[in-house]
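Me: I have a model on the screen and would like to learn how to read it. Please take me through the main features.

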Amino acid sequence: MHFQWYPGHMTKARRMMQENIKLIDLIIELVDARIPLSSRNPDIDDLGKGKARLILLNKADLAEDRLNDAWIEYFKSKGYSAVKVNSKKGGGIKSIQSVIQEACREKTERDRKRGILNRPVRAMVVGIPNVGKSTFINALAGKACAKTGNKPGVTKGKQWIRLNKSVELLDTPGILWPKFEDQEVGRKLAFIGSIKDEILQTEELAAELVKFMAKFYPGVLEEKYDIPEPADAYKCLSDIAESRHCLVRGNEFDTEKAASILLDDFRGGRLGRITLERPQE
Ligand code: G4P
């Protein structure tokens with residue numbers, strides 16, 4: 001699923017978010033473990049003022065585990081609860097309910113002091129498109145969970161999924177608009193496939209990925225595609241084209257095709273677990 005973001009989309013998404021945030025205690029924010037900062041929208045900090053916050057490093061299976069842990073520490077140091085998950089395979093999902101309780105402990109305590117007992121925590125999942133919100137909700141709620149439906153006093157049309165007696169989840173996630181004003185952020189979002197390829201130069205993007213790989217994961221491309229250490233990024237694409245027999249007009253190397261192969265392999269985790277962003281960069 002790809003989105004193009006225009007000011008109109010953003011205004012609508014922001015309005016929906018503002019309305020839904022009023023109803024909840026906890027914001028569960030999904031980020032992509034490969035780019036934990038670039039896949040966030042910092043506006044959520046403003047929108048979610050006063051709410052308990054939990055950051056999930058999703059797609060943790062595609063990112064380097066040592067760096068997943070470093071990012072968890074980073075977010076914790078900024079005052080968020082944070083854990084890594086693989087929503088697709090269910091890794092880390094089992095413990096989420098207790099993580100949710102823990103993230104809301106202050107609020108539960110406050111309630112108790114005011115004599116409010118056993119009021120379930122209400123949570124909403126938010127994140128930029130394609131970060132895995134639907135996959136996560138399905139993994140967490142599964143089929144066993146009954147929807148609670150509308151309740152008197154609750155805004156009409158909202159569906160809540162009861163996870164257990166202490167947690168309810170809004171069944172529709174909040175879509176945050178990706179922020180690609182900064183070229184570097186835009187490029188990273190493009191690497192993971194959050195921005196449509198057609199509007200980007202595939203070869204230029206792949207060449208940037210080659211440069212990144214040479215710096216942080218030397219030797220990986222050489223081994224994967226059985227190519228020599230490349231002199232430069234475009235030579236690397238041409239070597240991949242040669243190695244994969246991608247030709248145009250019979251004898252020219254199809255570097256555009258090689259670029260697509262490289263980007264697809266990266267996005268599908270076939271280059272190994274790769275993290276594009278490190279804390280404190
Ligand atoms: P969204 O609601 O936030 O827009 O995202 P969605 O759940 O639709 O997930 C987007 C893509 O990310 C899906 O792949 C989904 O399978 C994949 N995904 C979600 N969580 C994880 C995870 O933890 N690890 C990995 N490796 N992938 C994850 P897709 O290509 O669109 O579909 P499919 O290939 O799964 O059929």
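Predicted model: local features only at pLDDT ≥ 70, side-chain atom pairs only at ≥ 80, totals over all residues.

Me: Which residues come nearest to the ligand?

Reply: A residue is near a molecule if one of its heavy atoms lies within 4 Å of it. Here there are 16 residues around the ligand, and Asp-61, Asn-130, Lys-133, Ser-134 and Thr-135 come nearest. Helix H6 (residues 133-141) gives the largest share of the shell, three residues. Helices (H or I, at least four residues) and strands (E, at least two) are DSSP runs, numbered from the N terminus.

Me: How many residues of each class does the shell have?

Reply: Ala, Val, Leu, Ile, Met, Phe, Trp, Tyr, Cys and Pro count as nonpolar, Asp, Glu, Lys and Arg as charged, and the others, Gly among them, as polar. The shell has seven polar, five nonpolar and four charged residues.

Me: Which polar side-chain atom lies 2.7 Å from an oxygen atom of the ligand?

Reply: A polar contact is a pair of N or O atoms within 3.5 Å. The 2.7 Å case belongs to the side chain of Ser-134. Ser-87 uses a backbone N or O atom, 2.8 Å from a ligand oxygen, and a side-chain N or O atom of Asn-86 is 3.1 Å from a ligand oxygen. On its own the ligand has 710 Å² of accessible area (Shrake-Rupley method, 1.4 Å probe), and the protein covers 67% of this area.

Me: How do S5 and S6 pair?

Reply: Two strands pair if DSSP finds at least two bridges between them. Strand S5 (residues 160-164) and strand S6 (residues 167-170) are antiparallel, with four bridges. A hairpin of two residues joins S5 to S6, and Asn-164 has Val-167 in S6 as its bridge partner.

Me: Where are the domain bounds?

Reply: Such bounds come from an automatic or database domain assignment. The assignment gives domain 1 (8-171) and domain 2 (201-281), with C-alpha centres 35 Å apart. Contact means heavy atoms within 4.5 Å; 18 residues of domain 1 are in contact with 13 residues of domain 2.

Me: What is the phi of Lys-59?

Reply: Phi of Lys-59 is positive, near 60°, and the residue is not a glycine.

How values were computed:
Residues numbered from 1 in each chain as written. Heavy atoms only, no water. Polar contact = N/O pair within 3.5 Å; in protein donor to acceptor, adjacent residues only side chain to side chain.
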